[in-house]
Structures are given as C-alpha cells and as structure tokens.
Amino acid sequence: MKRGSGDGSVDERYVPHHGDPTYTVTHYDLVVDYVPESNRLTGTAVLQVRAVEPLRRLRLDLNDLRVQKVLVDGVRATYRQHRAWVSVEVGHELAAGEEAEVLVAYGGRPHPMRGLDGDAGWEELEEGSIVASQPHGAPSWFPCNDLPSVKAPFRMELSVPQAFSVVANGLPGETRRTAGRTVQVFDQPEPMATYLATVHVGDFVQVDQATSPVPVGIVVPPDRREQAVAALADQPAMAAYFHGVFGPYPFGRYLAVVTPDDLEIPLEAQGLSIFGPNLLHDGWDAQRLIAHELAHQWFGNSVTLGHWNDIWLHEGFACYAEWLWSEESGRESADEQAAHHHARLAEKDQDLLLADPGPDLMFDDRLYKRGALALHALRRTVGDDAFFDVLRTWTDRFRYSNATTADLEQVVTDVTGSPRTDLFDAWVRGTDLPDLP
C-alpha cells in the first residue's frame with residue numbers, strides 16, 4: 001500500500017511508517033556532538049522544507065532520541081514526540097511550494113533501529129562508531145524526511161574528542177580544536193538521500209591514492225594501513241575505468257573507510273564506502289565487493305530509486321559493474337560471469353519479481369544476480385556501443401535525481417531507437433528465468 005500521491009508517495013510495504021510525502025527538504029544542516037565513551041549524541045538539525053501540498057503540520061522521522069525544542073521560522077513550535085517520529089505544528093498553513101525553516105534540538109544514545117529487513121543506523125563500536133542506514137536507519141541519528149525520493153544537500157558539523165577522528169559525506173571544510181575536542185565541517189553539495197548520510201568516528205589515518213580523474217583515498221586505522229593499501233591497490237584504476245564507461249564521477253571524492261571491527265558486508269554511503277578488515281584481501285571475493293561499492297556512487301547515490309521496489313536499479317547495476325571490472329582486469333569476461341550465474345540461478349526458486357521483490361527479498365542475492373543478468377541480456381541484444389551509450393545516458397539524464405524502471409526503459413528506447421518491452425517483461429516483470437540471448 002502507498003500513502004500520499006505522486007512520485008513522493010510512501011510505499012508502506014518496504015519501510016513502514018517512514019517519511020511524509022506532503023513536503024520535501026531542500027537542505028540539511030546538522031551540528032552533532034558525539035562522546036564515544038558514553039555513546040552520547042547531542043544535535044541540532046536545521047531543515048529547509050518546502051510544502052508539496054497545503055499543510056499545517058509535518059512529520060519528522062527520529063528514533064529514540066529526545067527532542068528538546070522545535071522552532072519553525074525562528075518561533076517555538078508545538079510538537080508531539082513518538083518513539084520513531086515527531087509531529088510538528090507549523091503554526092500556519094503552508095501553501096504548496098511555500099518554504100519554511102525547521103530547527104530541532106535533540107539528544108540521546110543512538111542505536112540501530114529495527115526494520116523489516118533487519119537493523120540499520122548508528123552503530124557503536126568498541127572504539128568509535130559507524131553509520132549504515134540503508135534502507136531505514138537515518139532517523140537513528142538525525143531528524144529527517146526519510147524517503148529515498150527526498151534528496152537534499154547536507155552540511156555537517158561534527159564534534160568528537162581529540163583522541164578520535166571523524167569522516168562523513170562530502171568534502172572537509174573548517175577544522176577547529178577547542179576544550180579537548182575536534183570540530184570538523186563536511187559539505188555535501190550534491191543532493192543526497194537520507195539513508196546515504198554517514199558518520200565514521202575512530203582512530204584512523206588517511207591515505208590518498210589518486211587525484212585524477214577521480215580523487216580516491218583510504219581512511220584506515222594505523223595498524224591496518226598496510227593491509228588496506230595492498231587490498232585496495234586497484235581502487236584508483238577501478239574509479240578511472242568506471243569514470244570512462246559510466247560517465248563522469250558524480251562527487252568531489254571517494255573514500256574507502258576501514259573499520260577496526262570486522263563487518264558482515266560492506267556498507268554503502270554517498271562519496272564513500274565502509275569495509276571491515278575481514279573484507280579486504282586480493283582475492284576476487286574482496287575485489288568484486290570493492291568494485292560493487294564504488295559503482296554505487298553512480299547507481300544508487302547519484303541516480304537514486306524513487307521507491308524501494310526498484311532496488312534492482314541499484315544492486316543489479318552494481319553487480320554488473322563487478323563483471324565489467326572482472327573483464328577489464330583480465331579475469332573472467334562478463335559473458336563467462338553471466339553464464340556462471342545464470343546456471344546457478346536456474347537451480348534456485350523462481351519466485352523473485354525483479355520489479356517488486358518485496359521487503360523480504362529486496363536484498364536477496366538472486367535480485368543482485370538477476371538484475372545483472374538483465375543488463376547483460378540487454379547488452380547482448382543491442383550490442384556494446386548502444387549498451388554503454390545507455391549507461392552513460394542513464395547516469396547523465398538522472399544525475400543527482402530519482403528514477404524508475406520505466407525511466408530506464410525510456411532511455412533504452414531513446415538510445416536504440418526501439419522499445420525493448422519484451423526483454424523487460426521477461427527479465428524484470430516476470431519470475432521465470434529467461435535464457436540469455
């Protein structure tokens with residue numbers, strides 16, 4: 001079921017009770033003070049909001065953090081706080097298109113929040129913290145309109161003890177030290193979905209790997225530096241290759257952040273990805289994940305789905321980027337990768353609908369592989385020149401915005417001169433596994 005109207009409506013099946021489609025956010029300004037020893041966060045969030053339809057109140061997603069005050073255009077506002085959201089009285093009716101500034105002062109002990117797909121959000125480590133919010137964890141650390149269709153620039157001012165370092169989305173700005181603390185500003189000028197906002201707190205150093213065509217680096221604990229540099233040695237070449245085949249890299253820099261703690265999977269964020277040391281080695285199982293997370297900068301972060309049912313537009317493209325890198329780096333060709341994974345999928349249940357997998361299957365490995373196979377089938381059907389033209393047109397046309405499967409079909413039609421409805425019907429809107437062309 002969806003509530004609301006238009007592209008900003010809320011699909012309750014995937015992330016229930018998140019987001020308010022009656023308004024959008026045009027800018028976030030977050031000032032956050034974090035004490036790792038007590039896992040205590042104090043914050044002030046200023047949201048520039050714009051009404052999508054006439055409204056007198058709006059809802060902010062915020063989980064288990066206590067609100068101290070709310071101001072709307074500088075005036076104290078009435079609000080009601082629930083466990084996972086805050087209802088704010090605007091004070092007067094905002095007309096459609098009218099803007100307002102909402103300030104929220106809040107604090108508490110952040111922790112991952114439960115969703116249908118598991119836990120996500122702010123996670124305390126033995127020494128520091130990480131944030132992995134996909135798809136529903138952003139409200140674990142700041143008030144927001146938690147819809148993937150609501151993308152906005154961010155400014156973050158983060159304060160941590162001087163014994164710690166901090167990294168977040170965007171480019172670093174002003175740094176100042178005062179009263180035993182370090183304050184670091186980060187500016188993310190390109191629009192970002194809330195689930196991609198992240199903060200990483202710990203003891204680490206930064207290793208710059210390349211400045212052109214993509215500024216690439218590693219953020220790593222000092223005792224893991226040698227391992228990370230060796231495992232991520234091909235990252236600049238990956239970035240340069242993807243820059244060529246997908247179109248210009250969409251952000252100011254890219255960082256691979258290494259945590260001191262092992263992680264089950266890498267964590268995606270805008271402008272950076274987070275890896276546990278257990279995920280970093282020179283074998284293909286690690287190298288494909290490095291390529292996968294890097295590809296998400298184009299497919300997922302710059303071009304973002306409008307509703308979670310289209311998650312294959314993120315994961316299918318990123319999985320196919322693994323096969324492209326395999327081919328580029330002299331390993332198996334994309335044809336060989338596709339044949340291998342097609343054979344494995346044929347042995348599994350045929351109950352996954354790529355166009356709408358549902359919350360239980362949205363991160364199922366079959367979705368990743370079937371999405372990549374759909375793209376390989378398109379490549380085999382239209383040829384390499386047209387296929388890579390489709391990729392570059394896709395990332396250019398929907399750069400910094402939201403898109404759907406229907407939008408991708410239109411790009412294919414525009415580039416190739418004819419619709420490929422049968423292909424999308426078979427691979428995306430059907431459950432039986434088609435043969436590869």
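A residue is called buried when its relative accessible area is under 20%, exposed when it is over 50%, and partly exposed in between, using a 1.4 Å probe and protein chains only. By this rule P419 is exposed, because its relative accessible area is 54%. P419 sits in the loop between α8 (405-416) and α9 (421-427); helices (H or I, at least four residues) and strands (E, at least two) are DSSP runs, numbered from the N terminus. P419 and W85 are 334 residues apart in sequence, and their C-alpha atoms are 43 Å apart in space.

The structure is a predicted model, in which local features need pLDDT of at least 70 and side-chain atom pairs count only at pLDDT 80 or more, while totals for chains, interfaces and linings use all residues. Residues are numbered from 1 along each chain as its sequence is written, and side-chain values use heavy atoms, with hydrogens and water left out. The predictor's confidence in each residue is given by pLDDT, from 0 to 100. Its mean over the protein is 96, and 97% of the residues reach 70 or more. Over residues 1-8, however, pLDDT stays under 50. For that stretch the model has 25 contacts beyond four places in sequence, where contact means heavy atoms within 4.5 Å.

Next comes the protein as a whole. It has nine helices and 25 strands, and its C-alpha trace spans about 60 × 50 × 35 Å along the principal axes. The radius of gyration, taken over C-alpha atoms, can be compared with a globule rule of 2.2 Å times the number of residues to the power 0.38. For 437 residues a compact globule would have a value near 22 Å, and the protein agrees because its own value is 22 Å. Of the 437 residues, 58% are buried. Among contacts between residues at least 6 apart in sequence, 67% join residues at least 24 apart.

One of the buried residues is A256, which counts as such because its relative accessibility is 0%. A256 belongs to strand β21 (residues 254-258). What is A256 in contact with, leaving aside its neighbours within four places in sequence? The partners are G217, I218, V219, L232, Q235, S273 and F275. Y79, in turn, is 177 residues from A256 along the chain, and the C-alpha atoms of the two are separated by 40 Å.

The peptide bond from Q134 to P135 is cis, with omega near -5 degrees, and P135 lies in the loop between β13 (128-132) and β14 (151-161). S212 and P213 are also joined by a cis peptide bond, with omega about -5 degrees. P213 is found in the loop between β19 (205-210) and β20 (216-220).

Two other loop residues have a positive phi. H17 is not a glycine, yet its phi is positive, at about 65 degrees. The loop that holds H17 runs between β2 (10-11) and β3 (23-35), and H17 is exposed because its relative accessible area is 52%. D73 is not a glycine either, and has a positive phi of about 55 degrees. D73 is located between β6 (66-72) and β7 (75-76), in a loop. Is D73 exposed or partly exposed? D73 counts as partly exposed because its relative accessibility is 45%.
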